[in-house]
Amino acid sequence: KIYEVMFTPNLDGDSQFGLNATEGHVMMRTFNDANSVTRWKAHFSYNDDGGDDADMKLGLVYGKEKHHDGTDRLATYTGWQAGLLYADVNGDDSTNLMGGVFVGANYYIADNLYLGVEIDYTLEVGEDTTDLEPGINGMLSLGFKL
């Protein structure tokens, strides 16, 4: 099992890793064989702007990865994921289903320790929402084996 944490640095001119808007995920990846991975991802984000209600999002996502031939240090993969997301934004709560496809790469800086990036295309559907959008996850993702 390999574990991964992801967070996005604050690029709005505040301190680099300011916690005024925290968003990220924790993921567990289990290698079924050399080319196949099952993953579970817990997503979280929180933003308190000082108003009456703080914004919060939670999610649980299941996915599969297919790993491709790479080098000793660079591992590339493609895959799909689907899950359930809960959001409470501006006092309005919603529960949405999401699914998507992704491509990613991890650069191993040491045995069982990597930095990675992932680009995805996600569809999110809920009672009042239908959203189809690309995204970049893991501006800073760090994976490690315990």
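Predicted model: local features only at pLDDT ≥ 70, side-chain atom pairs only at ≥ 80, totals over all residues.

Biologist: Okay! How many helices and strands are there in the protein?

Modeller: The protein has 0 helices and 8 strands. Read along the sequence, the pattern is β-β-β-β-β-β-β-β.

Biologist: And what share of the residues is buried?

Modeller: Of the 146 residues in the protein, 30% are buried. The accessible surface comes to about 9000 Å², and 57% of that surface belongs to carbon and sulfur atoms.

Biologist: What about charges? Which residues form the negative surface patch?

Modeller: That patch is made by D52, D53, D92, D93, E127 and D128.

Biologist: Let's pick D52. Where does D52 lie?

Modeller: D52 is in the loop that links strand 3 (36–47) with strand 4 (55–68).

Biologist: Why does D52 count as exposed?

Modeller: Its relative accessibility is 82%. Exposed means over 50%, so D52 falls in that class.

Biologist: New topic: V5. Which strand is V5 in, and how is V5 classed?

Modeller: V5 belongs to strand 1, which covers residues 2–7. At 28% relative accessibility, V5 counts as partly exposed, because that class runs between the 20% limit for buried and the 50% limit for exposed.

Biologist: How far is V5 from A42?

Modeller: In sequence they are 37 residues apart, while in space their C-alpha atoms are 9.8 Å apart.

Biologist: And across the whole protein, what share of contacts joins residues 24 or more positions apart?

Modeller: Among contacts with a separation of 6 or more, such pairs account for 45%.

Notes: Residues numbered from 1 in each chain as written. Heavy atoms only, no water. Patch = residues over 30% accessible without salt bridge, like charges linked within 9 Å, V, L, I, M, F, W, Y side chains within 5 Å. Areas by Shrake-Rupley, 256 points an atom, 1.4 Å probe, with all protein chains shown as cover. Salt bridge = Lys/Arg side-chain N within 4 Å of Asp/Glu carboxyl O. Lys, Arg positive; Asp, Glu negative; His and termini not counted. Charge placed at Lys NZ, Arg CZ, Asp CG, Glu CD. Helix = DSSP H or I, 4+ residues; strand = E, 2+ residues; numbered from the N terminus. Buried < 20%, exposed > 50% of the residue type's maximum accessible area, 1.4 Å probe, protein only. Contact = heavy atoms within 4.5 Å.
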